[in-house]
Amino acid sequence: MKNQMKKQWKQNLVSVITGLVMMGILSSCSSLNPAQSIGKNASRLEAIKAKGVLSVAMEPYFAPNEFIDPSKTGDDRYVGSDVEMAKYIAQKLGVELEIVPLEFSAVLSSITEGKYDLAISALAYTPARAQAMILSDGYYFSEDSPGYGLVIRSEDKGVIKSAADLANQVVVAQSGSLQELFANDQIPVKKELKRVSSTTDGLLMVQENKADAIVVAKSMAQLYIDANKGCGLEIVQGFEFTVDKALDGTRVGIPLGEEELAAEVNRIIAELLASGQYEKWYNDYSEYAKKLGL
């Protein structure tokens, strides 16, 4: 009897160890990136198609590109022109779309680290960003938009008329954005530059007297001002930051080394530009955001 119990105990122990080993193997496999899971020589594009899912990181607080419709749930709540483009790219690749909502700085680092397949989040071209990831061809350009400027409190419009009037003022800009680049390069002297994770947070800081001016994309700022009547904010009229043509155009971020995926994204962007579909989405979601009061 004792020997039988001992034999049974050994069998149970072997089963447990075998199970743990299998769990470890499965866990290890699930932690691999898509390319690793189908072979170390597979490209990310091949891995996306094999897995059937395209993961796209975005910061969903930048209307009309990407924002949240509070009347919807799940992934349906993420709407905007960039969301439509992400859906279009996934459709063209024949896979499902997985939207990964993150703070803007995390959107950038997730692509640098190769955690997700694409960043579609109103990304502008900057030299530093172009060294950290592949930036696609542009799909929305300043000539199609009102450009970049400053938002201030209405009570200060007689004091702040351009970047030259910010020497004694606190300026805020979204961290890691083209707006931060403008703040560093085109505001010669400022009292302090504060960085925030989203433009909406920066607009609130100006509204609440925690900063004096924010560098903005004018289209997004106007949506915010229109949706928040009585907020006491306004865009500085007659002033605009200079956009270097080399930096112009909103881009898709792609992990370094994934040229095959980048070529496919650029091919799809060319389709959208030729048809005028992205601009239509941009205009449609500008109206959509206004109706939501965003």
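Twelve aromatic pairs are found in a search of the whole structure. The model is a predicted one.

**Pair between strand 2 and helix 11**

- Phenylalanine 67 and tyrosine 288 form an edge-to-face aromatic pair, with 5.8 Å from centre to centre and 70° between the planes.
- Phenylalanine 67 belongs to strand 2 (residues 67-68) and tyrosine 288 to helix 11 (residues 277-292), so their pairing ties together parts that are 221 residues apart in sequence.
- Phenylalanine 67 has a relative accessible area of 3% and is buried.
- Tyrosine 288, with a relative accessibility of 23%, is partly exposed, because the buried class is limited to values under 20%.

**Pair within helix 11**

- Tyrosine 278 and tryptophan 281 also make an edge-to-face aromatic pair, at 6.4 Å centre to centre and with 85° between the planes.
- The centre-to-centre value of 6.4 Å qualifies as a pair because the cut-off is within 6.5 Å.
- Both tyrosine 278 and tryptophan 281 lie in helix 11, where they are three residues apart, about one turn of the helix.
- Tyrosine 278 is buried, its relative accessible area being 1%.
- Tryptophan 281 is likewise buried, with a relative accessible area of 11%.

**Aromatic cluster**

- One aromatic cluster is formed by Tyr88, Tyr139, Tyr140, Tyr278, Trp281 and Tyr282.

Conventions
Residues are numbered from 1 along each chain as its sequence is written. This is a predicted model: local features need pLDDT of at least 70, side-chain atom pairs count only at pLDDT 80 or more; totals for chains, interfaces and linings use all residues. Side-chain values use heavy atoms; hydrogens and water are left out. Rings of Phe, Tyr and Trp (its six-membered ring) pair if their centres lie within 6.5 Å; planes under 30 degrees apart count as stacked, over 60 as edge-to-face and the rest as tilted. Helices (H or I, at least four residues) and strands (E, at least two) are DSSP runs, numbered from the N terminus. Buried means under 20% relative accessible area, exposed over 50%, partly exposed in between (1.4 Å probe, protein chains only).
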